Amino acid sequence: MKLRRLIASAAAAVMAFSASANSGYSHERADAADIPAVTFSNFDSRINGGEPVRGVDISSVISLEEAGMKFYDDNGKEQDIFRTLADHGVNYIRVRIWNEPHDDNGNSYGGGHSDLETAAKIGKRAAENGMKLLADIHYSDFWADPAKQTRPKYWQPHDHNKLKGEIYNWTSWVLKYLTENGSDIGMVQVGNETDCFFCGEKDMYKICDLFSGGEKAARDFDRNILIVHHFANAGNGHFGWYAQVMNECKLDYDVFAASYYSYWHGSLDNLKKTLTDIGNKYNKYVMVAETAYPYTDMDGDNFGNSVTSNHEGCEMKYPVSVDGQIKAVTDVFSTVADCNGHGIGVFYWEPAWLGIPDLSWNEQKQLWDRYGMGWATGYAREYDRDVKESGGSSFDNQAMFDFHGRPLESLDVFLNIYPQKKPAATTTTTTTTAATTTTTTTTEPFETREIILGDINSDGVIDVFDVISMRKALLSGSRSAEFDLNGDNEVGVADLVKLQRFILGNNDGDLAKKTITVKKNG
């Protein structure tokens with residue numbers, strides 16, 4: 001992510017937004033049945049248990065919760081955000097990790113703290129909710145991106161070999177600490193958006209030698225952890241060269257990852273060609289490690305937004321709306337799925353990076369300073385000269401939760417990415433304890449038959465093909481009683497969502513056999 005651009009944009013926008021921002025944003029609800037499905041064909045069963053990565057980066061969430069932010073489920077009931085994400089099909093959490101993001105007195109630099117202890121809290125809660133962790137190690141004390149890759153302050157005197165050794169030791173410690181504190185690590189990212197610039201080094205060949213220290217640490221710790229290298233902008237034409245030099249240096253990694261923000265990074269066709277060529281030529285997996293899109297131009301924390309519908313330098317290819325956000329994210333998944341079998345998934349960047357709703361700028365600033373929930377605190381000035389004062393989130397209008405922590409329909413995108421694992425409960429031996437009988441008093445000819453709730457195509461198995469069949473039926477206007485999966489005597493999107501969650505294993509009550517009475521041949 002081009003952080004310098006974000007910071008400058010947000011700072012410039014502060015005066016343009018009223019301190020009375022409408023945190024009570026409301027919108028016309030999108031229809032989950034209209035979200036197209038994306039299928040990763042011939043997906044490698046060795047990756048993530050055979051499922052594409054349906055990921056989000058929520059690195060700021062602990063600091064937000066400490067400041068008092070609450071999150072809710074689809075029904076408006078307060079719920080752990082990790083549970084809400086899992087309920088919506090998310091199976092991977094990405095978390096950034098900085099070395100020492102505090103001053104000598106322990107004051108946080110902000111950015112969600114992003115120290116190892118915070119990452120461990122996030123990793124543990126992810127694992128408790130069935131989600132794997134991508135450890136995104138920046139090898140910096142603060143934001144690392146194409147604009148700056150500043151060495152951690154305690155590494156700054158080191159020569160090259162000493163630095164490489166510290167990278168090995170730090171990577172080893174990060175993986176050990178996260179694992180011992182309950183994380184289920186599936187991937188480790190050696191550097192963040194390292195576009196020919198890493199840990200203060202600018203020579204790509206020397207960068208590759210530093211990379212190898214992190215790679216060796218990961219292999220020595222657990223050979224099953226996928227090693228990721230992440231670059232920012234496929235539209236700059238340099239990705240092929242990065243991959244070539246990394247191959248010349250015989251780097252030992254698994255995944256070549258890109259950031260892709262459609263308003264900055266060119267066309268999806270270019271992204272697909274770039275990633276496919278690298279996957280084909282070097283036999284690497286590819287993925288998008290960061291993407292996002294705004295659902296509103298409104299501002300929830302009085303800090304200003306880095307991207308809006310009329311922002312200079314942004315090419316808005318979709319409407320700024322929930323439906324536009326849905327389309328933007330679905331298209332990125334579809335593009336990665338179409339990379340000749342090399343694509344493994346997508347991460348959405350900071351879908352919960354909000355402010356505390358309905359507070360003034362001064363009230364927000366006190367929270368940024370105290371809890372580090374914004375992009376920076378004033379304490380970061382000692383490390384990063386671009387920091388002038390504390391600031392909030394310039395991405396809250398690109399979240400997948402509204403300003404009050406309620407999930408948007410765009411979260412349902414993750415429910416529509418396939419293949420998905422089928423839990424044991426989807427067999428034909430489903431319990432009958434919830435069976436009900438529907439009767440009728442009409443004199444027309446009827447028949448009674450037993451069905452398996454959720455087996456929409458009547459093939460005896462509940463799987464992704466039933467989701468596709470049900471979506472088509474709902475779009476065509478069919479409201480058959482056989483589709484009433486939640487027992488509310490109504491047929492609609494809520495039943496489709498229940499079916500999707502059931503297939504993911506996030507069922508809140510098994511589907512069951514059911515006896516229904518219908519017209520003959522009906």
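Guide: Two strands pair if DSSP finds at least two bridges between them. Strands (E, at least two residues) and helices (H or I, at least four) are DSSP runs, numbered from the N terminus. This is a predicted model: local features need pLDDT of at least 70, side-chain atom pairs count only at pLDDT 80 or more, and totals for chains, interfaces and linings use all residues. Residues are numbered from 1 along each chain as its sequence is written, and side-chain values use heavy atoms, with hydrogens and water left out.

Visitor: How many helices and strands does the protein have?

Guide: Twelve helices and twelve strands.

Visitor: What makes eight of the strands a barrel?

Guide: They close in the order β2-β3-β4-β5-β6-β7-β8-β9, with parallel pairing. Neighbouring strands of this sheet are turned by 25° against each other on average, direction ignored. Helix α4 (residues 116–128) packs on the sheet, touching β3 (92–97) and β4. The direction of α4 makes about 175° with that of β3. Helix α6 packs there too, touching β5 and β6, and its direction makes about 150° with that of β6. These angles run from 0 to 180 degrees between N-to-C directions, with axes as lines fitted to C-alpha atoms, for helices over the stretch in contact.

Visitor: How do you know that β5 pairs with β4?

Guide: Count the bridges. Five join β4 (residues 132–137) to β5, and the two run parallel. The cut-off is at least two, so β4 and β5 pair. L133 has I185 of β5 as its bridge partner. I137 stands opposite V190 in β5.

Visitor: What about β5 and β6?

Guide: Three bridges join β5 to β6 (residues 226–231), again in parallel. Q189 is partnered by V228 in β6.

Visitor: Why is β5 called mostly covered?

Guide: Buried means under 20% relative accessible area, exposed over 50%, partly exposed in between (1.4 Å probe, protein chains only). In β5 (residues 185–190), six of six residues are buried. Across the 522 residues of the protein, 58% count as buried.

Visitor: Which β-α-β units does β5 take part in, and what is their hand?

Guide: One is β4, helix α5 (residues 160–180) and β5, a right-handed unit. Another is β5, helix α6 (residues 204–221) and β6, also right-handed. The test: with the strands pointing away from the viewer, the path from the first strand over the helix to the second runs clockwise.

Visitor: How do α5 and α6 meet?

Guide: Their axes come within 8 Å and cross at roughly 30°. Contact means heavy atoms within 4.5 Å. Among the α5 residues that meet α6 are H160, L163 and I167, and the α6 side includes L210, A217 and F221.

Visitor: Are C196 and C249 buried, partly exposed or exposed?

Guide: C196 has a relative accessible area of 26%, so it is partly exposed. C249, at 27%, is partly exposed as well.

Visitor: Why is C339 called buried?

Guide: Its relative accessible area is 0%, so C339 is buried. C339 lies in the loop between α9 (322–337) and β9 (343–349). Leaving aside neighbours within four places in sequence, C339 is in contact with K272, L275, T276 and V286. The C-alpha atoms of C339 and T274 are separated by 9.2 Å, though the two are 65 residues apart along the chain.
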